[in-house]
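Here are my notes for a first look at this entry. Please keep the structure open while you read.

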Amino acid sequence: MEKFVIGGGKALKGEVRISGAKNAAVAILPAVMLADGPCIIENLPEISDVAAILNVIKTLGAEIRVINKSTVEINPAHINSFVVSKEMANCMRASSYFLGALLGRMNRARVAPPGGCNFGVRPIDQHIKGFEALGAEMSIENGMVEGRAHGLRGASIYLDVVSVGATINIILAAVKAKGLTVIENAAREPHIVDLANFLNSMGADIMGAGTSVIKIRGVDTLKGTSYSIIPDQIEAGTYMAAAVATGGDIMLNNVTPKHLESIIAKMREMGAEITEYDETVRVCMNRRPKKCNIKTLPHPGFPTDMQPQIATVLTVAEGTSIVTEGVWDSRFRYVDQLTLMGADIQVDGKMAVITGVDHLNPAPVKAVDLRAGAAMIIAGLTANGITEIEDIDHIDRGYENIVEKFSALGADIRRVPVIDGRVILKQA
Ligand code: EPU
């Protein structure tokens, strides 16, 4: 077991290179299974969720060659299994994408229900509805989600809720189905556009990704391709939030400023000076953050995956802010941890009222999920003194080299082993 130990109170300064997007990578890697030949995927983030997906693909029979730490070549030609076991699926949400990808490739899928962060109920009814509309028979057998089809056929599918996962899964199943599939009320996140661009580079015919109506004309075959994943919008937003919270001045390299619009807008409201270049953004904060109200919504709204990080900045802002969660039922489980550090937050259902305090106090806290863990790091960087964060495996699921990246920005952060509940501090 390991912990992060953070000495807070320093303004972040310097440059950070943003890695490839987790939520694009975990969709594009299963999509490789639809190809007839090898694919080279570049700009993969080195995180445990990507390692877990690669492990599943390998277990299903694909050959994987690691070219360098962010590039792999995957040859799916010999995939011969359609079973993703509970052990493989449990630790991540994106394992559900194997349903769409395996149905698309083999007309058969048996996948354990997905795991991932705990935000209350995380149904997959819209995914199942989509597969059934395409002609698959779906059932739950022995705790596994089973899908069987005799050739999928295009269909019109209206999503009752805007769902990233259902949109991606339906694209995966429909891309080689016979005829036209139309997804209405589709999610519009940048990673959905990235998945469509990847599949189109293999010869797919997908139009409208990035809008709420996506049209997929099925093709018989998809060829191998080379593709580079987009930068991670949420990793970028996390470093931006840390800069704003600590009064820092940082440059983020390898970003797509367009994907950061809602985050940039809110940080400007909080008083940050933000300059956008082609693939770089500078964030400079010369004052205490101003209060700001935020409501999370599907893209192009403010991303729910930035909600804990931005709420943490608001704990030290001037005045009272209201943060409303518009995507998940229960995404304020981290608030208790911030309260341990002296934050003044009242949660009422899907709304949090945050009254800014002068400073947070260091305390031992837990990463209750991935983004909540990132929020604890921001809190620790803001507090004067030593903050310890437990359960950091959640953070490793989605942030590449987080200690190295924050250290390069001047933060005092260390990953230390914990033996029998005791932190073992090594001399630097
Ligand atoms: N929903 C349904 N039925 C469904 C699917 C979703 O009711 O069949 C509801 C959910 O309960 C939720 C809403 O629809 O209230 C949106 O869920 P969505 O399906 O969009 O979420 P997801 O695909 O499970 C992805 C990201 C999450 C991110 C959400 C929302 C991946 C692997 N995960 O989850 O990312 O919060 O979209 O943007 O892409 C993270 O990276 O930290 C993370 C949790």
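1. Start with the ligand. In this predicted model, 25 residues surround the ligand. The closest are Gln126, Ser163, Val164, Asp305 and Val327.

2. The side chain of Asp125 places an N or O atom 2.8 Å from a nitrogen atom of the ligand. Gln126 uses its backbone: a polar atom there is 2.8 Å from a ligand oxygen. Lys22 has a polar side-chain atom 3.2 Å from an oxygen atom of the ligand.

3. How much of the ligand does the protein bury? Alone, the ligand exposes 830 Å². The protein buries 90% of that.

4. In the contact, domain 1 takes part with 24 residues and domain 2 with 22 residues.

5. The area buried between domain 1 and domain 2 is about 1,900 Å². Carbon and sulfur atoms give 50% of it. On the domain 1 side, look at His299, Trp328 and Arg397: they supply 35% of the area that domain 1 buries against domain 2, more than any other three residues.

6. Which polar links cross between domain 1 and domain 2? There are seven residue pairs in polar contact, both residues at pLDDT 80 or more. The interface also has two salt bridges. The side of domain 1 that touches domain 2 divides into six nonpolar, seven polar and 11 charged residues.

Key: Residues numbered from 1 in each chain as written. Predicted model: local features only at pLDDT ≥ 70, side-chain atom pairs only at ≥ 80, totals over all residues. Heavy atoms only, no water. Contact = heavy atoms within 4.5 Å. Buried area = accessible area lost by both parts, 1.4 Å probe. Salt bridge = Lys/Arg side-chain N within 4 Å of Asp/Glu carboxyl O. Polar contact = N/O pair within 3.5 Å; in protein donor to acceptor, adjacent residues only side chain to side chain. Nonpolar A, V, L, I, M, F, W, Y, C, P; charged D, E, K, R; others polar. Near = heavy atom within 4 Å. Areas by Shrake-Rupley, 256 points an atom, 1.4 Å probe, with all protein chains shown as cover.
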